[in-house]
Each structure stands twice: as C-alpha cells, then as structure tokens.
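Let's take a walk through this model together. Have the viewer open and follow along as we go from one spot to the next.

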Amino acid sequence: SSIVAATGIVGTPHAIAALPKAAAVGLPVVGIRSGASELRDGRVPVFHLRASFSDEIERMLKTVRGFGLSTCAVVYSDDAFGKSAIRHANEAAAGLGVRLVAKVATERSGKNIETDVKQALDPKLNAGALLLLVISEPMQTAFKYARQKLLFESPIFCMSFCATRSLAESVSPELAGLGLITVFPLPRTSMLGLPSKFRAAAAQSKEPRIVNSLTAYEAFMYGSVLANNLQKCKTIDRPSLLASLRKPQSLSGEPIVFDAQNVGYRYLQILHKTVEGPLRA
C-alpha cells in the first residue's frame with residue numbers, strides 16, 4: 001500500500017476498533033487523541049504523544065493537595081471512560097492523602113448533570129474541590145451551576161479534552177476560575193520552539209485565530225513528528241518509519257523519546273479561565 005502512516009484517531013472507541021487493523025499490516029499510527037491506558041500496551045505500532053488520562057487525574061489531585069485541601073468530590077461520566085477515570089481517581093487520591101467524599105456517576109449527555117453536581121456538593125460532605133470528569137458541554141453546565149447556584153467557590157478542574165477552541169475563545173465571565181488540564185503547551189503564549197512555529201504558521205493562514213486552539217496545536221505536533229521522521233528515512237516505507245520513530249529525537253528543542261509503551265511525550269500543565277476570557281497558565 002502507498003499509505004505509510006496514520007495519525008489523529010479521535011476517541012478511545014474509534015481507536016479500539018481501528019488499531020488492530022493497523023497492527024495487522026504494520027501501519028504506524030503517530031499521535032492518537034486518547035489518553036486511555038488500555039491503548040498503551042506497546043504491542044501495536046501506535047506512537048502516543050500525550051499524557052494519559054490517569055496522568056491528568058493525578059495532576060488534578062496533586063494540585064488539590066498542593067492547595068492544602070484534603071477532600072474532593074468527583075462527578076464522572078457513566079461510560080467506559082468515566083468508569084476507568086474514577087478508578088484512577090481512587091488510586092491517585094489514596095496515594096496523595098486526598099479523601100474522595102463523593103463519587104457521582106452522571107449520564108454522558110449531561111441530562112442530569114445539575115442534580116448530580118448538587119448531590120456531589122452536598123454541604124454535609126464538605127468537599128474541598130470538585131473534579132468534573134465529563135465531556136465539554138456538560139462540564140460547562142456543571143461548572144456554572146456549582147458556582148452560581150450552589151455558590152461553590154473552591155477549585156474545579158476538568159479534563160484536557162474539554163479545552164476546545166470555543167471554550168478557549170469564550171469571553172463569558174461565568175467560566176472564570178475554571179481549571180483545565182492540558183497535555184500540550186498553551187500555543188498562544190508558550191515560548192517553546194514548536195508553539196512558536198505554530199504561531200507563525202497560524203499568522204500566515206486564512207484563519208489566524210486558530211492560534212487559540214489546543215486541538216489544532218495537537219494536530220500540528222503530530223504532523224511535525226511524522227514529517228520529521230519521514231525526512232530522516234532513506235526509503236519512505238513503513239519499516240523505515242518505524243525504525244526512525246524508535247530512536248530518540250528532538251522536535252524544535254523538545255525531546256521525543258518513545259518508551260516501552262510507545263509514549264514519547266508526557267507534557268502536563270494547569271490552565272485557568274480568566275475573567276476577561278483568555279486561558280492563562
């Protein structure tokens with residue numbers, strides 16, 4: 001086949017369906033938009049360029065502990081991701097000395113999200129923080145409800161996949177104070193080499209506001225890693241690309257070294273929404 005590699009598969013269910021087919025033909029997959037641990041066994045030619053969901057949740061809880069808080073409530077999506085996420089939260093919380101005072105499953109669609117947030121933030125439970133392990137739209141509804149209706153002023157965190165361009169560009173003061181985990185540098189402000197190249201490319205594009213999009217930056221990184229390795233190949237084919245990817249490399253000054261689970265980049269950062277709207281580190 002003339003197809004040398006694939007990239008950017010979105011979501012765990014799609015990846016679970018697609019990756020066995022890639023493995024069967026030795027097709028490298030460079031960059032996948034999922035942090036699910038079950039996709040990281042190193043047995044298929046998938047080269048991960050983002051921290052895992054468990055890494056994200058642990059960072060949230062470390063931040064909660066760093067604030068001097070010892071209790072936390074969790075509202076999680078009642079699906080495969082959410083059930084895996086709450087297991088990670090239980091393990092990380094136990095290791096950090098954070099007590100999860102509420103663990104409430106909610107429908108993925110967010111149908112009952114306000115009721116479930118109210119249950120998790122029952123004043124009797126004395127939650128010091130709230131983790132919203134749900135997709136973006138229910139997360140925003142939950143955050144606004146917790147802040148405005150329940151007057152919950154303590155830290156609230158959400159997952160990296162909630163950092164959509166629409167959220168990044170929102171100027172709604174109702175989202176001020178929302179904490180987000182990101183698995184990539186904030187492209188609009190980071191002084192690292194690759195974000196600088198991304199900003200330059202965005203400035204020359206027909207849509208310069210794409211500089212606000214962490215999703216677009218993720219794609220830019222995946223494409224940059226793939227292009228960098230293809231340029232090193234004397235022969236453009238799958239075996240040559242696989243051999244190149246398995247060597248330590250530098251991408252605009254950032255080390256990319258794939259380990260036994262084929263994870264080569266584990267960046268994590270806490271961002272927050274400001275009153276004015278922009279995301280800040």
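H7 and H8 are roughly perpendicular to each other, a label used for angles of 65 to 115 degrees. Helices here are DSSP runs (H or I, at least four residues) and strands are E runs of at least two, both numbered from the N terminus. H7 covers residues 193-203 and H8 covers residues 214-232; their axes come within 11 Å and cross at roughly 110 degrees. The axes are lines fitted to C-alpha atoms, for helices over the stretch in contact, and the angles run from 0 to 180 degrees between N-to-C directions. The crossing of H7 and H8 is right-handed, that is, the near helix is turned clockwise from the far one by less than a right angle.

Who does the touching? On the H7 side the contact is made by Leu194, Pro195, Lys197, Phe198 and Ala201, and on the H8 side by Ala216, Tyr217, Phe220, Met221 and Ser224. Contact means heavy atoms within 4.5 Å. Sorted by class, that makes eight nonpolar residues, one polar and one charged. Nonpolar covers Ala, Val, Leu, Ile, Met, Phe, Trp, Tyr, Cys and Pro; charged covers Asp, Glu, Lys and Arg; the others, Gly among them, are polar.

A word on the ground rules: this is a predicted model, with local features needing pLDDT of at least 70, side-chain atom pairs counting only at pLDDT 80 or more, and totals for chains, interfaces and linings using all residues. Residues are numbered from 1 along each chain as its sequence is written, and side-chain values use heavy atoms, with hydrogens and water left out.

Now the cysteines. A search of the whole structure finds zero disulfides, a disulfide being a pair of cysteine sulfur atoms within 2.5 Å. For Cys158, the nearest cysteine sulfur is that of Cys162, 4.3 Å away. Cys158 is buried, at 0% relative accessible area, and Cys162 is buried at 0% too. Buried means under 20% relative accessible area, exposed over 50%, and partly exposed in between (1.4 Å probe, protein chains only).

Next, find Phe258 in the loop between strand S11 (254-256) and strand S12 (269-273). Phe258 counts as buried, at 12% relative accessibility. Leaving aside neighbours within four places in sequence, its contacts include Phe47, His48 and Leu245.

Finally, Ile270 sits in strand S12 and counts as partly exposed at 24%. Beyond four places in sequence, Ile270 touches residues including Arg59, Phe157 and Leu180.

Notes
Parallel < 35°, antiparallel > 145°, perpendicular 65-115°, else oblique.
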